Amino acid sequence: MDWRQLWEIISAPDNVPIVGLIPLLAFYIYLAWKQAHANDQLVAQLETDPAMAKTHHRKTWPFKPGWQKEVHVWPFLLRIEFLAAIIVTIILMVWSITLNAPLEEPANPNLTMNPAKAPWYFLGLQEMLVYFDPWIAGVVMPTLIIIGLMVIPYIDTNPKGSGYYTWKQRRFAISTFLFGFIILWVSMIIIGTFIRGPGWQWFWPGQTWDHNRLIYEVNRDLPDIFGITSNLGKAIFGLVIVGGYFALGGFLVYSLFRRYMPKDFSRMSLLQFSITQAFLLIMVALPLKMLLRLLWHIKYVWITPWFNI
Amino acid sequence: MAEEKNGKNGGKVGLLDRVKEKITGDVQALKTDIPTKAKEQIEGLKDPTKTQVYTSIFRHKHDETPRNRALGVLSNVFLHLHPAKINRDAVRYSYTWGMGGITFYLFIVLTFTGVLLMFYYHPTKVQAFRDVLYLEHDVPFGKLLRNMHRWAAHLMVIAVWLHMFRVFLTGSYKKPREFNWNIGVLLLVFTLLLSFTGYLLPDDQLGFWAVTVGTNMARATPLLGHEGPFGPLLGMTPYNDVRFGLLGGSIVDANALLRSYIWHCIGIPIVASVLMIVHFWRVRKDGGISGPAQVMLESEADKPRRGPTAAGA
């Protein structure tokens, strides 16, 4: 166990935000879960008791008839905002006094940094470079993430859970978002920051970064395993595999929706449903491709003269 | 008339007397007038809120009446971003986490420290790195300034993510707030781009290689990059593709430094500010912050709703 190496990575000034992000995320997930749980209990109670549903103020916080439903922004909100600004300023001051922003040697194109890492918030994308060609990891994926985020309000037709925390009323939406945000985005950043060492090789926390380490890994392409040698054959094979994934996956999504979320499905238009299918399958394809590489050393699935996937 | 008034003693002597008499009158009056005025002045200063200067700035009383509490918000250009009253539970920290506001506050901090940093920085290959050294070692509080700018930037990225996370978990992107969610996604992208363009500016190894890694991806842009799918077919070379456009050259060099400086200090802040204006405006126009709203029961899910539901309504 190389504690020094571990400490160097964790205490590198630009890695501190990620070290901070982990407990922050844990705290806010807990805070959200606590409120979601309370709201779900309230909903369950109101569902079984229609008389209560008519009179209850429908929030988990206390309320008595005669209480004001609204409060004045001045001072009840402004004092909180003022306090928040002061607290943030204090945190920033303390952080800036105790920790210096990194400054390395002057830029030198002839001296490559190893590992050369992007800013921490893009390390998830850089980690994807291991599994995908740059045009996918660096261009297509970020574009799809942005578009995917933007379509969320238009494909989520579930009217429940608007303006309050809940889990039971939005299981699918919340688990999909958690999968994308926590597993695909944040954990890839953590891997990219703390695990990837020289040559972008995998070093467990505490393992010494060995700049001379070589890994002999023979990656194969999926068509090779099936003994397909001609370019045309490989292109058609890949098209069938990728096309098959989307066709079969699309059908699977359909049957899952029909069975487990019939109301959401009936609310969705064909366009809304096919966009949901497409983004869902692309998102799931990410860890699938990673598994193909990690378990069977498969590099490409679909090989064409112009691009490889 | 003049002759009658001057009387028998003749004109000139009378004139002198009259001047004397009037000045004595003035002096007499001075002794009483000025102390009275001074007294008034001091009395007036005891309540500065009644002075003309004060009332010209603050146009209403500052007491605890509902009317003046509302006016305190509505008659102030900075505060009128808020409504006069909000949902009693919306002030609970556990609902909003305060992350949108903190993001905006960090943007202000970054603008302030950023402008100060600009006084000491030249975006040229010869001077950029030296300017940072100068800032760290010679400029009073220069190190603190640079540290604050950097950590506030990192904190802003985290705050934006947490804000988006909260908005998602509370379903706040749902009708009627779909469009504002989209503005928010764009603001997220611009926050990351602001941070990324700032990364190169110290012109050190860290920034140089981070930006090299980042912009190398642009080589592989489909159609528009010289190493991307179909790029070469469209005549893309290292000297005319999208990466060349980003860097102002085929390598990360002087032009890239200048471009990222201009994007960082002028281009993106302006675009982001415009989007922020729209974002805040739409929060109000879409019915204020989304909640905490009343929980919806399964049986009510498909009932038609009347208009946008305001928070807590």
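Visitor: What share of the 313 residues in chain B is buried?

Guide: In this predicted model, buried residues account for 45% of chain B. A residue gets that label when its relative accessible area is under 20%.

Visitor: What is chain B built from, in helices and strands?

Guide: You'll find 12 helices and 1 strand there. Going along the sequence, the order is α-α-α-α-β-α-α-α-α-α-α-α-α.

Visitor: What can you tell me about the surface of chain B and its charges?

Guide: The accessible surface comes to about 17,600 Å², with 66% of that belonging to carbon and sulfur atoms. On the charge side, chain B carries 36 positive and 25 negative side chains, and the centres of these two sets are 4 Å apart.

Visitor: Let's zoom in. Why is H226(B) called buried?

Guide: Its relative accessibility is 13%, and the cut-off for buried is under 20%. Since 13% falls under that cut-off, H226(B) counts as buried.

Visitor: Where does H226(B) sit, and which residues does it touch?

Guide: H226(B) is in the loop between α10 (205-219) and α11 (242-247) of chain B. Not counting residues up to four places away in sequence, H226(B) touches R219(B), P232(B), M236(B), T237(B), P238(B) and D241(B).

Visitor: What makes the pairing of H226(B) with D241(B) a polar contact?

Guide: The side chains of H226(B) and D241(B) are joined at 2.7 Å, and a polar contact needs a pair of N or O atoms within 3.5 Å, one able to donate a hydrogen and the other to accept it. The 2.7 Å value is within that limit, and the pair is listed as a polar contact.

Visitor: Over in chain A, how do you know whether V151(A) is buried or exposed?

Guide: V151(A) has a relative accessible area of 17%. Buried means under 20%, so V151(A) is buried. V151(A) lies in helix α7 (residues 134-155) of chain A.

Visitor: Which residues are in contact with V151(A), leaving aside its neighbours within four places in sequence?

Guide: Those are I275(A) and F279(A).

Key:
Residues are numbered from 1 along each chain as its sequence is written. Chains are lettered from A and ligands numbered from 1 in the order in which they are written. This is a predicted model: local features need pLDDT of at least 70, side-chain atom pairs count only at pLDDT 80 or more; totals for chains, interfaces and linings use all residues. Side-chain values use heavy atoms; hydrogens and water are left out. Helices (H or I, at least four residues) and strands (E, at least two) are DSSP runs, numbered from the N terminus. Buried means under 20% relative accessible area, exposed over 50%, partly exposed in between (1.4 Å probe, protein chains only). Accessible areas come from the Shrake-Rupley method with a 1.4 Å probe; for residues, only the protein chains shown count as cover. Lys and Arg count as positive and Asp and Glu as negative; His and the chain ends are not counted. The place of a charge is taken as NZ of Lys, CZ of Arg, CG of Asp or CD of Glu. Contact means heavy atoms within 4.5 Å.
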